[in-house]
Amino acid sequence: MEPFGTRVREAMSRRGQLCIGVDPHPSLLADWGLADDAAGLEAFAQTCVEALAADIAVLKPQSAFFERKGSQGVAVLERFIAAAREQGALVLLDAKRGDIGSTMQGYADAYLDQTSPVAADALTVNPFLGFESLRPVLDSAAAHGAGVFVVTLTSNPEGAQVQSARTAAGATVAAEILAAIAAENAGSPDTGSVGAVVGANLAMVSEDLAVNGPLLAPGFGAQGGTVDDIRRNFDGVLDLVLPTTSRDVLSAGPDVAALRAAALRARDAVAVLTRP
């Protein structure tokens, strides 16, 4: 399989620069008239596949909303990942795993080894046990042509406590993580396969985002992030930005046609980012 960086760049070129979060939280299931059980999850997931997977570059299921239903929920997640990938969408599993040593290797084996039933194209990870704690996932991703998105600058108020703290060298923690991501991607002849998660709705980003990898930008849409915010915060790297929305699109369901139309409107809204 081609490296994830190559595949995501190609998908963004063909399908537009948009990632849609697939977040079946209880209130959304209720809004769709679905029961908060495994059957409701199944109906939700398959509707999302039917409406979104043939047109959107990246789908991002939030693992927690499937895991909360135990083994039946994880089985729904497995089927969603397989069905979405069959339709040509890249699947980024939003699990934000973070640990050390053999435990981190276990997460890599589960989510990035393509022989695993729950393997995705890419995985979100948490680097705040130290960037090198991610090494098993980074190495496994490289071996399997998968991607890694490293949580770096989030928009929640609590994030600044760690992300904006200064290290002994004087840089922010976020800046050092971005530098480490750039180093991981330095040997890539194309777009690197290690990306950063940077909120689309941040007031201002001063760190250098030129990491030669994809930049996942959650917070676009219902969480307040706008196209102008993305232009400001990602100036110079707009071709690598993947704005992410969930509620703005998913609220149009469960009608498949309405859900697809909402997704295409969101895709069109961010298409202006890279127009001359």
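A pocket here is an open set of grid points with protein on both sides within 12 Å along at least five of seven lines. By that rule, the second largest pocket of this predicted model has a volume of about 260 Å³. Its lining counts 16 residues, and Leu138, Ala142, Glu184, Ser193 and Val194 are the closest to its centre. Two elements give two or more residues to that lining: helix H7 (135-144) and helix H9 (173-185). H7 gives the most, with five residues. By class, the lining of the second largest pocket holds seven nonpolar, six polar and three charged residues.

Now turn to the largest pocket. Its volume is about 530 Å³. Its lining takes in 25 residues, with Lys60, Asp94, Lys96, Pro218 and Gln223 nearest the centre. E3, E7 and strand E8 (241-245) are the elements that give two or more residues to this lining.

Most residues other than glycine have a negative phi, and most peptide bonds are trans. Lys96 counts as partly exposed because its relative accessibility is 41%, between the 20% and 50% cut-offs.

Asn212 also has a positive phi, near 55°, and is not a glycine. Asn212 belongs to the loop between strand E6 (194-198) and strand E7 (215-218). At 33% relative accessibility, Asn212 is partly exposed.

The backbone has a further feature to check. The peptide bond from Gly253 to Pro254 is cis, with omega near 10°. Pro254 lies in the loop that runs between helix H11 (247-250) and helix H12 (256-271).

Next, helix H3 (residues 38-52). How far apart should its ends be? At 1.5 Å a residue, its 15 residues should span 21 Å, and the end C-alpha atoms are 21 Å apart, so the two agree. Asp37 caps the N-terminal end of H3, with a side-chain oxygen 3.2 Å from the backbone nitrogen of Ala39. Buried residues in H3 include Leu41, Phe44, Ala45, Cys48 and Leu52. An α-helix has 3.6 residues a turn, so residues three or four places apart point the same way.

Last, Val227 in helix H10 (residues 227-233). Is Val227 buried or exposed? Val227 is buried, because its relative accessibility is 16%, under the 20% cut-off. Beyond residues up to four places away in sequence, Val227 touches Phe220, Ala269, Val272 and Leu273. The C-alpha atom of Val227 is 34 Å from that of Glu132, 95 residues away along the chain.

Technical notes:
Residues are numbered from 1 along each chain as its sequence is written. This is a predicted model: local features need pLDDT of at least 70, side-chain atom pairs count only at pLDDT 80 or more; totals for chains, interfaces and linings use all residues. Side-chain values use heavy atoms; hydrogens and water are left out. Helices (H or I, at least four residues) and strands (E, at least two) are DSSP runs, numbered from the N terminus. Buried means under 20% relative accessible area, exposed over 50%, partly exposed in between (1.4 Å probe, protein chains only). Contact means heavy atoms within 4.5 Å. The expected span of a helix is 1.5 Å times one less than its number of residues. A polar contact is a pair of N or O atoms within 3.5 Å; within protein, one must be able to donate a hydrogen and the other to accept it, and residues adjacent in sequence count only if both atoms are side-chain atoms. On a 1 Å grid over the protein atoms alone, a cavity is a set of points where a 1.4 Å probe fits but cannot get out, and a pocket is an open set with protein on both sides within 12 Å along at least five of seven lines; lining residues have an atom within 4 Å of a point. Grid points are joined across faces, edges and corners, and a volume is the space filled by probe spheres set on the points. Ala, Val, Leu, Ile, Met, Phe, Trp, Tyr, Cys and Pro count as nonpolar, Asp, Glu, Lys and Arg as charged, and the others, Gly among them, as polar.
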